[in-house]
Amino acid sequence: MNLIRRRHLRWTILLCAVAAAAGASPAAASGPQRRVEREAVAVKAPQPKPIDYDKITQEATDLLSKYIQINTTNPPGNELDAAKFLKDKFLADGIPATTWEPLPGRGIVAARLHGIGKHRKALLLLSHMDVVPADPKDWKVPPFSGEVKDGVIWGRGAIDDKGPAVVFLMSMLAIKRAGILLDRDIVFVATGDEEEGGRNGAGWFVEHQPSVFSDVGYVLNEGGGIRSEPNDHKTYYSVSVTEKTPLWVRITASGPSGHASAPPAETAVTKLVAALQRIVEYRSPIRIIGPVEDEYHAKAELSHGPKQWLDLISSLKDPAYLKQFVSEPQQNADVRDTITPTVLQASNKTNVISATASAELDCRLLPGSDPKAMLHTINKLIDNKDLKTEVILNFPPVSSPQKSELMSALQTLARHLDKGAPVVPTMSIGFTDSHYFRQKDITAYGFVPIQITPEEARGIHGANERISVEELGAGIRRMVDLLKIFGGR
Ligand SMILES: [Zn+2]
């Protein structure tokens, strides 16, 4: 606790010192005093310098390569070195930054680019430093080499989520170096532990460091981006406004133990297997929420899908089309709650009947579905008093509004840069750290302004994850433009 207080104090001092050095008002200034200082800044502010994007892209490439080389495979995560690495990059450019260590070796970093509009809500750019494991034998290059070859940066985390962090970080550096004054603060936060649920990362951060984001009104995080089909230039901006929520359930069965040469009619394992059979045969009702309907409609309009997607609700009333539609797993997950048995445990010896057996279910619920109702359904399907259920993980479904100042800024960006590409509020079937901020009533969108192809998307949590140098540079350019639009005066 003391450690946390000391760090908070240091953060506050650091912010004030840098703000004072930059001639900006400290965060606590208010009323007429602030107006005077704002005018003084406006008079003194020199014309912004042009941004050399070739140089910025080169620097970003080098930064991402080195960031990938810091192995933050979770478990165990060990994000502290990565947090210090990012902090040093900000400090070298005079942007105040600090790190925290929620558990030994785990890390979080935050940095703040001060704007001059203290009444406007700050924008927080969120990413996670931890990555999922990578088996080198499946890869064309060593996954933690950060190799740059033929215009491509290779390695675990290139897209999920180190590349986006570099886009966020370099855009803040580019704005600062060019002398562009924004009318709101931009806060960079990179957390750990996202791939294991985020409790020791973003979850810890929102509970223990509220002063860092007390003025934040908006969050941009992973979960969406610029989408297109192969060999098709028509794109759309997928902005994730909501996510399916996890309901993880453990089922434990009990029964007689003994030697497998004389088996009783029922054992823990046979009871568990019978229950699981009923669970996997169960199909939850079809339900199409607004963002899902909108995304399929947008894809059909861009000719990225069949005409049935123009009105998905009506189309799925046709049993033949419904059968075809849900045969594709991603599409099935978009329109119903799913239940997937994953972990199984029982005896570890072939000839021993274990007294207990357990299974874990990964249920994913649509926004609006009631976790208690799903648990009730599972218990009814099990229908056996020798089997007990317990919830391992669940959090409330939360969505962000589809209309906001930030959504308008994204629409302006799409109009300017991508020939008026539609900006579509969507639902992610996976969950990210956005829910921690949505639970604090902050508007959080899944959107990183990079365009990834379906082929590149397969590298996320798969083999040969990579991003092209060109797209990394384009992402920074779009991000700078977005910050200028959203922080424009
Ligand atoms: Zn991620």
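Predicted model: local features only at pLDDT ≥ 70, side-chain atom pairs only at ≥ 80, totals over all residues.
## Ser-261, out in the open

Ser-261 is exposed, because its relative accessible area is 60% (buried means under 20% relative accessible area, exposed over 50%, and partly exposed in between, using a 1.4 Å probe and protein chains only). You'll find Ser-261 in the loop between strand 11 (258-259) and helix 7 (268-281). Helices (H or I, at least four residues) and strands (E, at least two) are DSSP runs, numbered from the N terminus.

Residues are numbered from 1 along each chain as its sequence is written, and side-chain values use heavy atoms, with hydrogens and water left out.

The protein splits into domain 1 (2-14 + 47-223 + 432-486) and domain 2 (244-393), with bounds that come from an automatic or database domain assignment. The C-alpha centres of the two domains are 34 Å apart. Where does the largest pocket lie? Both domains give residues to its lining, so the pocket lies between them.

That pocket holds about 1400 Å³ of space. Here is how such spaces are found: on a 1 Å grid over the protein atoms alone, a cavity is a set of points where a 1.4 Å probe fits but cannot get out, a pocket is an open set with protein on both sides within 12 Å along at least five of seven lines, and lining residues have an atom within 4 Å of a point. Grid points are joined across faces, edges and corners, and a volume is the space filled by probe spheres set on the points. The largest pocket has 44 lining residues, and Gly-223, Arg-227, Gln-330, Ile-429 and Ile-460 lie nearest its centre. Elements that each supply at least two lining residues include strand 9 (236-243), helix 8 (290-301) and helix 11 (329-335). By class, the lining has 15 nonpolar, 16 polar and 13 charged residues (Ala, Val, Leu, Ile, Met, Phe, Trp, Tyr, Cys and Pro count as nonpolar, Asp, Glu, Lys and Arg as charged, and the others, Gly among them, as polar).

## A nonpolar core

The largest nonpolar core has 67 residues. Such a core is a set of buried Ala, Val, Leu, Ile, Met, Phe, Trp, Tyr and Cys residues joined through side-chain atoms within 4.5 Å. Which residues have the most contacts inside this core? They are Phe-90, Leu-123, Met-170, Phe-188 and Leu-220. Helix 5 (residues 162-178) gives the most to the core, with eleven residues.

Take Phe-188 as an example. Leaving out residues up to four places away in sequence, Phe-188 touches Leu-86, Phe-90, Val-109 and Met-172, among others (contact means heavy atoms within 4.5 Å).

Leu-126 sits in strand 3 and is buried, because its relative accessible area is 1%. Ala-165 is 39 residues away from Leu-126 in sequence, yet the C-alpha atoms of the two are 7.6 Å apart. Beyond its neighbours within four places in sequence, the contacts of Leu-126 include Asp-161, Thr-191, Asn-221 and Asp-433.

Strand 3 (residues 122-128) gives the largest share of its lining, three residues. The lining has one nonpolar, five polar and four charged residues.

Most residues other than glycine have a negative phi, and most peptide bonds are trans. Now for some exceptions. A cis peptide bond joins Asn-74 and Pro-75, with omega about 0 degrees, and another cis bond runs from Asp-160 to Asp-161, with omega near 10 degrees. Pro-75 is in the loop between helix 3 (53-69) and helix 4 (80-92), while Asp-161 is in the loop between strand 5 (152-154) and helix 5.

Asp-150 isn't a glycine, but has a positive phi of about 50 degrees. Asp-193 also has a positive phi, near 65 degrees.
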